[in-house]
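Here is a set of questions and answers to read alongside the model. Take a look at it, then follow along.

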Amino acid sequence: MNIGWYLAVSALIFAIGAGGVLVRRNPLVILLCLELMLNAANLALIGFSRMWGNGDGQVFALIVMVVAACEVTVGLGLIVAMHRRRLPIDVDEMRELQG
Amino acid sequence: MSTVIFFIAAIGAITGAIGVIVLQNPFYCVLALVGHLISLAALFLLLRAEFVAAAQVVVYAGAVMVLYVFVVSYVGNDANPVGQSPSRPATLAAFACGIALVAELFIAVLGSGLQAIDSAGAPYVAGFGTPEAIGKLLLTRFLAPFEIASYLLLVAAVGAVTLARRRHGLDEGIEGDPPTISVMDLLRPRPLGTGTMAEAGGRVEVGDQ
């Protein structure tokens, strides 16, 4: 398959993830949509890595996976803290930065 | 053959992605994302990124998704439905934004004039994408990002524990004035055996001793 096909799939997944971030109000699902966007970027990186026959893009994708894992950990920690304080799990209700 | 596998995996990935944003129950969203990640790993294999595909399945579809499932079962009970569907104009606006983004990305990537986009990539040399090749790159050219990534993981783990720990006084103090935390609390001397770790275990009341 040509590399362009992979890039097209990557662009579609990225747009789906961005639309999900805009539509959904549950912070858990917004985190999932962020994962979608990061994975789309990973697919494009690995596609370009294959295009050049160079491993650099794959290392970049691995680093992106590490960053995504960190983001998930902190985000889920925030959601658990919100749940402990009995705040609504809804991004539209979270208007104040002060707890 | 690879064309057939590509289309199966691509359709699986896109279906999983749509499932994540369409399904209402967060638990099913997580399951859709697992399917999406496994399809994406198949695409990575087609692109000869064997190590990244394995890491994707083990780390992402395994460990990170288990974390999600734990938090979903901890937070999202059915008595308190979370994430009601937003108003119709907002959905339409988001849909329009998504379409615009797809058009923009297609123009940007496919219209970039890169000649190799219309080819199957560089000629395959044996060893490309294996753990050996990636490990060699990570420990030579990309040593600094590798070390920074490990520090980032450490900081994220400590941050998550600090955020999600059980704080004595914060949970109970919601009816009254919530206790305020200032920078000076960090500088105040504490008696032995107290402190944040003891608070996290829920053993010691703040200001008890």
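**Questions about a predicted two-chain model**

Q: How many salt bridges does the structure hold over all chains?
A: Keep in mind that this is a predicted model. Side chains of opposite charge can pair when their charged atoms come close. Over all chains, the count of salt bridges is 1.

Q: Which side chains meet in a salt bridge, at 3.0 Å from N to O?
A: A salt bridge needs a Lys or Arg nitrogen within 4 Å of an Asp or Glu carboxyl oxygen. At 3.0 Å, N to O, the pair that meets is Arg141(B) and Asp56(A).

Q: Why does the pair of Arg141(B) and Asp56(A) join two chains?
A: The salt bridge links the side chains of Arg141(B) and Asp56(A). Asp56(A) sits in helix α3 of chain A, residues 56-84, while Arg141(B) is in the loop between α5 (131-139) and α6 (143-164) of chain B, so the pair joins two chains.

Q: Is Arg141(B) buried or exposed?
A: The cut-off for exposed is over 50% relative accessible area. Arg141(B) has 57% relative accessibility, so this residue counts as exposed.

Q: How many disulfides are there over all chains?
A: Two cysteine sulfurs must lie within 2.5 Å to count as a disulfide. The sulfur of Cys29(B) has its closest cysteine sulfur in Cys33(A), but at 7.6 Å that is too far for a bond. Cys97(B) is in no disulfide either, as the nearest cysteine sulfur, that of Cys33(A), is 14 Å away. A search of the whole structure gives a disulfide count of 0.

Q: Is Cys29(B) buried or exposed?
A: Buried means under 20% relative accessible area. Cys29(B) has a relative accessible area of 0%, so Cys29(B) is buried.

Q: What pattern does chain A follow along the sequence?
A: Chain A has 3 helices and 0 strands. Read along the sequence, its pattern is therefore α-α-α.

Q: What is the radius of gyration of chain A?
A: Along its principal axes, the C-alpha trace of chain A spans about 50 × 25 × 15 Å. For a compact globule of 99 residues the radius would be near 13 Å, but for chain A the value is 17 Å.

Q: What share of the 99 residues of chain A counts as buried?
A: The accessible surface of chain A is about 3700 Å², with 66% of it belonging to carbon and sulfur atoms. Of its 99 residues, the share that counts as buried is 65%.

Q: How many helices does chain B have?
A: From the N terminus on, its elements run α-α-α-α-α-α-α-α. Chain B has 0 strands, and its helix count is 8.

Q: What share of the residues in chain B is buried?
A: Chain B exposes about 12900 Å², and carbon and sulfur atoms supply 70% of that area. Among the 209 residues in chain B, the buried share is 30%.

Q: Which residues of chain A does Ala156(B) touch?
A: Ala156(B) is found in helix α6 of chain B. At 6% relative accessibility, under the 20% cut-off, Ala156(B) counts as buried. Not counting residues up to four places away in sequence, Ala156(B) touches Cys70(A), Thr73(A) and Val74(A).

Q: Which residues is Gly77(A) in contact with, leaving aside its neighbours within four places in sequence?
A: Gly77(A) lies in helix α3 of chain A. With 5% relative accessibility, Gly77(A) counts as buried. Its contacts beyond those neighbours are Leu163(B) and Ala164(B).

Notes
Residues are numbered from 1 along each chain as its sequence is written. Chains are lettered from A and ligands numbered from 1 in the order in which they are written. This is a predicted model: local features need pLDDT of at least 70, side-chain atom pairs count only at pLDDT 80 or more; totals for chains, interfaces and linings use all residues. Side-chain values use heavy atoms; hydrogens and water are left out. Buried means under 20% relative accessible area, exposed over 50%, partly exposed in between (1.4 Å probe, protein chains only). Helices (H or I, at least four residues) and strands (E, at least two) are DSSP runs, numbered from the N terminus. The radius of gyration is taken over C-alpha atoms; the globule rule is 2.2 Å times the number of residues to the power 0.38. Accessible areas come from the Shrake-Rupley method with a 1.4 Å probe; for residues, only the protein chains shown count as cover. Contact means heavy atoms within 4.5 Å.
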